[in-house]
Amino acid sequence: MEEETEDSTFIAHEPCPECGSRNNLGRYSDGHAHCFGCGYYERGDEMQEATPVPQLSTEFVQGEVRALSKRQLTEETCRKFDYRVAKHAGMPCQVANYKSNQNVLAQKIRHVDKSFAWRGSVRDCGLYAQWLWRDGGKMLVITEGEIDCLSVSQVQGNKWPVVSIKNGAQGAKKDIQQCLEFVESYETVVFMFDMDEPGQQAALECAAVLTPGKAKIANLPLKDANEMLVAGRGKELIDAIWGAKVYRPDGIVSGEDLWTTISQEENVYSVPYPYEGLTEKTHGLRKSELTTITAGSGIGKSALVREIGYHLINTGERVGFIMLEETVKRTALGLMGLHLNKPLHLGNNDLGDTELKEAYEHCIGNGRTFFYDSFGSTAIDNLLNRVRFLAQGADCDWIILDHLSIVVSGIGDGDERRLIDGAMTALRTLVQETGVGLLLVSHLKRPSGDKGHEEGAVTSLSQLRGSHAIAQLSDMVLGMERNQQGEQANTTTVRVLKNRFSGETGIACHVQYNPQTGRLLECNPEFNEVSDEF
């Protein structure tokens, strides 16, 4: 649909040739038309070729001022606002006079079938009843229609500033922009539009035009202000004005509105780690969090996440495994081996089919465990789609992704830092969007000095490979440290490097790998935490 000129002004409602509605088609002064029911649209220049554009008549309808009993509006109210009853084209109608001082600039004629027509200079007139009030004051109420304007004024004794937009919800923002100086001259502006979707959307659009903090939006129990008046609920109508909420853009919340949220006890769902010390330090695993596990080469990152995954399966959780450096069979055998306390992936096991089948049913064939069958590098968009499917299509509670570096290694751009930034941002967004708990394995860059991570060097956030985004976007970061030489070659320190949940960091526990069972279990070695050495 092409934009029409800013000077285009609504003229009248017409029947729609598309849907057959009697008055949903709005005709504008540049000739274009739009049906607010079915969306049918006519360009202005096309209509000028086909049908003459309706011209605004300068001959005003006189009519008379009298009470509108069905609307519960008194003659006094109608006289103040110069709202009249008349005949137009031989049919009864109501006439809203738009004035400057005491001179009529335009008339909006409302027919019995609720269609409208304009006479006079619509472009030059301001908001309805604007001429009645001085510029500037404490509060201004703006309604969606003239009848509502009279209704709000009447319940306040016709003493306080109330105006109406000219052309309904569809033209509300434009009306406010054209009269912005007048509207902005008031300290508070209350938009009391109809409570249907178009009205409330228009109220939000109008409020956004004003100085932040000035606009308020009223909430009514009935459709509009006149329905409130007819129902005898004038006091509630006044209460709605004074109880209107300050408009704030989406996402901005006032502290005074948070008591109910704060006073309700929040039970954060968490699952313990398979390691008591780690659970105590982190308060467990939580969904909607991104946990990064990092260490040097050969320290046991994959073994740790496999133990965590097996533990989650045991607790009845649904788990998705994206293990990019091993086959699905290797991952499955690893989990079954943890269940049987045997490193099945090494072969040479003396187990019978019954034991293997039981391990398979418990870990793999339970309907709660899912795998991504891809070995090696993978396109980032393709991988993200798999993560989203595991979270939403397979209803996984937790996803284990091992590891981040291989995700970006096959893209071929060469700028690892930028690629990791993009991948982490996308993963963080997915975690928030789906509510899944993501455990992500990431590599470390080699620390400065002679001592590497393979020799027990202490891990830190600054050593995360390639990008600060890993540390910034992770809720939890766990580091693993192990000296691969000496008596403690199979004992690993697990250190909490970042903990957004509680802020507790430092050494959480020690785990020891048993080559005979293939298990990585918690242990309590003699350890000097002051010197960080065994």
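Over which residues does pLDDT stay under 50, and how many contacts beyond four places in sequence does the model have for them? The stretch is residues 46-57, with 20 such contacts; contact means heavy atoms within 4.5 Å, and pLDDT is the predictor's confidence in each residue, from 0 to 100.

## Model and confidence

This is a predicted model, in which local features need pLDDT of at least 70, side-chain atom pairs count only at pLDDT 80 or more, and totals for chains, interfaces and linings use all residues. Residues are numbered from 1 along each chain as its sequence is written, and side-chain values use heavy atoms, with hydrogens and water left out.

The protein chain has an average pLDDT of 85, and 84% of the residues score at least 70. Over residues 1-6 the pLDDT is below 50, and this stretch has 12 contacts in the model beyond near neighbours in sequence. Where pLDDT is low, the predicted coordinates should not be read in detail.

## Chain totals

There are 17 helices and 24 strands in the protein chain. Helices (H or I, at least four residues) and strands (E, at least two) are DSSP runs, numbered from the N terminus. Of the 534 residues, 50% count as buried, meaning under 20% relative accessible area with a 1.4 Å probe, protein chains only.

Among contacts between residues at least 6 apart in sequence, 60% join residues at least 24 apart.

## The nine-stranded sheet

Nine strands form an open sheet of mixed pairing, in the order S18-S17-S19-S20-S16-S21-S22-S23-S24. S18 and S24 are the edge strands, each pairing on one side only; two strands pair if DSSP finds at least two bridges between them. Neighbouring strands of this sheet are turned by 25° against each other on average, direction ignored.

Strand S21 (residues 476-481) runs antiparallel to strand S22 (residues 491-499), and six bridges join them. Leu478 stands opposite Val496 in S22.

## Helix H12

H12 packs on the sheet, touching S17, S18 and S24, and its direction makes about 150° with that of S18. Axes are lines fitted to C-alpha atoms, for helices over the stretch in contact, and angles run from 0 to 180 degrees between N-to-C directions.

The helix covers residues 328-340; at 1.5 Å a residue its 13 residues should span 18 Å, which agrees with the 18 Å between its end C-alpha atoms. The expected span is 1.5 Å times one less than the number of residues. Its buried residues are Thr331, Ala332, Gly334, Leu335, Met336, Gly337, Leu338 and Leu340. What covers them includes helix H11 (301-314), strand S17 (319-323), helix H13 (353-363), strand S18 (369-371) and strand S24 (519-523). Asn341, whose phi is positive, near 60°, follows H12.
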